[in-house]
Amino acid sequence: MSRGEVCIQGGRVVDASGDLGLVDVRILDGAIAEIGAGLSPSAGATVLDAEGCVIAPGLVDIQVHFREPGREDAETIETGSRAAALGGCTAVVCMPNTAPPIDDAAVVQSILDRARAVGLCDVRPAGCITKGRGGEELAPLGELYDLGVRVFTDDGDCVADAQVMRHAFEYAAALPGAVLAQHAEDPALVRGGHMHEGAWSAKLGIPGRPAEAESTIVARDLQLARRTGGRYHVLHMSCAASAALVREAKAAGVRVTAECTPQHLVLTDESCSHFDPVFKMNPPLREQADVDALRAALLDGTIDAIATDHAPHSVVEKDVEFEQAAFGMIGLETALPLALDLVRAGVLTPATLVMRLSAAPAGIFRLPGGRLAEGQPADVTVIDPEVSWTCDVAAFRSRSRNSPFAGRPLRGRATLTIVGGKVVHSPERHEIP
């Protein structure tokens, strides 16, 4: 579909500022031209019916793994972008634990070129903090920054050396808008572990990964961020202690943001009780007290964003015994209904949900979008919050199938996704030409 005039009518517009009521959204040449009641589209415009739906700014997922280059058997930029569009995402940040890793300008450029060719989602690569994600020598942060990289992380591995992390903060502090995002997990404390260390790991006889492995790294990095003035982001935060540390640091003026995943907001380590490797994640699913603390932190703004940590794996990596299985799950196509459950449970308001899924993540990593306003890019998601469906991973756009929600009833999903005025996902009901 071309980027001509599109008018979305009959929906309830909700963005981070609140519920704007039943108004129409008119899109012209890739930008939002007008928002108001009873808009009259021009002759020849495409008119989309959003009755009973919510019109929101496009969702922004700041932690996904598209596996390209190197692991295209599990996911590609194209299949990942299709999954993102189906899930209502208009922009994503892909992590650099690829093969080769994203520590080189040529790799960054190849990803940008490929994403542009696919054209289904705004794909922004994160760059490595250290060369080869080895944790010893800084990657060429300045070169990557010049190509538009604003997020630096060794995600999948923690930058365990405090001196290396300090130097990274000092370097990044000189790059306007640059953020260091940490996979906060002390490798010495989690070595040999496969799930959260607690009552269930003891009962199952599975070596554990203690929550202290996360909180000790978060505490250290917050001190380094305070000393250097650098910007720090906690990836996939999973435990109560980390949330308390970030809350205190924010109150003290440290430049810190944090995210958590839908799975860490709805599942606990008890899910591992049947030894199903689809529940094996990194960080691991924690205890109910951690889930409750994360929900409270999401509500009060300690946790700024919900991100999926979409981690595709092939069957040979996941359909094995629990302790041999790879960590991670796919999440782009299930994040929205899981988040809508939090609204129904009274954990979040609709506006706060949009803030955590769109406006805040866009702001953290300085991405376009995240709000509906005249003159802004037409990155829009139309959501049917009440539609019921069964999670059928065979129908997913992701190349992998490792979802713990397979076969489960879900409620709510994106019915329309528009990126820069171009419809990239739509159901039959909209009859897009």
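**Strand pairing and helix packing in the predicted model**

Strand S16, spanning residues 256–260, is joined to S17 by two bridges, and the two strands run parallel. Within this pairing, Ala-305 of S17 is the bridge partner of Glu-259. The structure described here is a predicted model.

The pairing of S16 with S17 belongs to an open sheet of five strands, arranged in the order S11-S12-S15-S16-S17 with parallel pairing. Strands of a sheet pair through backbone hydrogen bonds, in either a parallel or an antiparallel manner.

Two packed helices are described by the angle and the distance between their axes. For helix H7 (residues 212–228) and helix H8 (residues 240–251), the axes come within 8 Å and cross at roughly 15°. Angles under 35 degrees count as roughly parallel, and H7 and H8 are therefore roughly parallel to each other. Their crossing is right-handed.

On the H7 side, the contact is made by Glu-214, Ser-215, Val-218, Ala-219 and Leu-222, which meet Ala-241, Ser-242, Leu-245, Val-246 and Ala-249 of H8. By residue class, the contact of H7 with H8 comprises seven nonpolar, two polar and one charged residue.

Conventions. Residues are numbered from 1 along each chain as its sequence is written. This is a predicted model: local features need pLDDT of at least 70, side-chain atom pairs count only at pLDDT 80 or more; totals for chains, interfaces and linings use all residues. Side-chain values use heavy atoms; hydrogens and water are left out. Two strands pair if DSSP finds at least two bridges between them. Helices (H or I, at least four residues) and strands (E, at least two) are DSSP runs, numbered from the N terminus. Axes are lines fitted to C-alpha atoms, for helices over the stretch in contact, and angles run from 0 to 180 degrees between N-to-C directions. Angles under 35 degrees count as roughly parallel, over 145 as roughly antiparallel, 65 to 115 as roughly perpendicular and the rest as oblique. A crossing is left-handed if the near helix is turned anticlockwise from the far one by less than a right angle, and right-handed if clockwise. Contact means heavy atoms within 4.5 Å. Ala, Val, Leu, Ile, Met, Phe, Trp, Tyr, Cys and Pro count as nonpolar, Asp, Glu, Lys and Arg as charged, and the others, Gly among them, as polar.
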